[in-house]
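Please find below my note on the model under review.

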Amino acid sequence: MRSAMNKMSADVFERMVTHLREGTTDLADSILHVPIANFTSKEHLDRELAVFRRLPLAAAMSSELRDTKSFVTRDLLGAPVLLVRQKNGEVGAFRNMCRHRGGKVELAEKGKKPFFVCAYHGWSYDGDGALRGVPFDDHLGGIDKSCNSLIRLACEERHGIVWVNLTDEAGSRIADYLGDADARLADYAADGTVIFMEQKLDVPINWKLVMDGAIDVLHPQFLHPKGVGKRIETSASVWEDFGRHGRSWSAYKRLSDKVKAGTASDEDHRYVTGNLILFPNASMIPTPTHLEYWNVWPDLEDPARAHVHIRFLVDPAVLDDERAAKINKSWEILKQAATEEDFPMEETIQANANAWPVGDFIYGRGEAPCQHLHRQMSREMDALPA
Ligand code: FES
Ligand SMILES: [Fe+2]
């Protein structure tokens, strides 16, 4: 089995070494001013949600649906979804909605079942969504089973992620949606992984502020002086723009030490790490032992809330006790940084935004990854149908 690869072009490495040597960083074209109201306005949130609903959404990991007939249910931006591994190996995605009068046909979060029975009046559905049984059919007047299957949703599995499109308006293949990020994501080899651990957190923070924190290159030495700030260079970053998506590269201090000593070589690619940022709400970071994968979901009602889902993905073929111990340690470090440093800081930003939702926040030229998130969201909102 392949392991996650931090493949980078010679150009990226060269640029990083130059930045470390000269104290520079990649720069966006101009300073970006983002209205503070973008973090507090319900109307703005509604338009962002309209953007999300036109895009393929990362609904589950392939590894959660390993065997035929295994299923998971998800609440995808408020839409109840049922995902089932089909006999032909593909994943079927359905509205988790009974064709009778709309009950959820499956209430469990995950499991394995030959068919699904709605608890309200007992209608049952095969794993492929076909309606198979209608109790008291005579009393109902004769239900045409052939046209009352569960309603299918557009779904595609790629790079170990099950993507679901709630509206299918974009109608795009995932490879097209990912564009230049497709091959980069393939390098991370998430399709060979399983979930080692995961955590879901509800936070009183706008989703974009959480995303900002996850991709911000300017804060480690200040906000995490004892943790990641000691290991990662602050504000020396290389930004690869893939259009809708992008990748932000950071360097370990180890590399800057070598650059300063004049001993850096091609071998030192491993001291540069690439955070692949998939618009709108995902970030995937390879580490030597695992993949760190974030999804940040907006709350549907409250612009000042988000639902954060962090997963550590591992290649089971190389997982042993020693590696597991290292991953557990990484988890503790991440948890500490996120819950004791990042989220509390972001909460102060949200509190200020709530109190004074006028004016704007500044995203400087050296903050290209964060700029990209906000610029891209503006572009997508402008492209919404009137
Ligand atoms: S709502 Fe499902 S059987 Fe009636
Ligand atoms: Fe942070």
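This is a predicted model: local features need pLDDT of at least 70, side-chain atom pairs count only at pLDDT 80 or more; totals for chains, interfaces and linings use all residues.

1. Eleven helices and 19 strands make up the secondary structure of the protein chain. The chain has a radius of gyration of 23 Å, close to the 21 Å that the globule rule gives for 386 residues, and it is therefore as compact as a globular protein of that length. Along the principal axes, its C-alpha atoms fill a box of roughly 85 × 50 × 35 Å.

2. Buried residues amount to 42% of the 386 in the protein chain. Among contacts with a separation of 6 or more, 66% are between residues 24 or more positions apart.

3. The chain is divided into two parts: domain 1 comprises 10-55 + 180-382, and domain 2 comprises 57-169. A distance of 33 Å separates their C-alpha centres.

4. To the contact between the two, domain 1 contributes 15 residues and domain 2 contributes 13 residues. On the side of domain 1 that touches domain 2, the elements giving two or more residues are helix 2 (42-54), helix 5 (181-187) and strand 12 (194-203). Helix 2 gives the most, with four residues. By class, this side of domain 1 has ten nonpolar, two polar and three charged residues.

5. An unreviewed UniProt entry places the feature "domain: Rieske" at residues 57-164. In the model, this span is 44% strand and 4% helix, and its end C-alpha atoms lie 5 Å apart.

Methods: Residues are numbered from 1 along each chain as its sequence is written. Chains are lettered from A and ligands numbered from 1 in the order in which they are written. UniProt positions are given in the numbering used here, feature names are shortened, and annotations may be inferred rather than shown by experiment. The radius of gyration is taken over C-alpha atoms; the globule rule is 2.2 Å times the number of residues to the power 0.38. A residue is buried if 20 or more other C-beta atoms lie within 10 Å of its own, exposed if 12 or fewer, and partly exposed in between; C-beta atoms are placed from the backbone. Two residues are in contact if their C-beta atoms, placed from the backbone, lie within 7 Å. Domain bounds come from an automatic or database domain assignment. Ala, Val, Leu, Ile, Met, Phe, Trp, Tyr, Cys and Pro count as nonpolar, Asp, Glu, Lys and Arg as charged, and the others, Gly among them, as polar.
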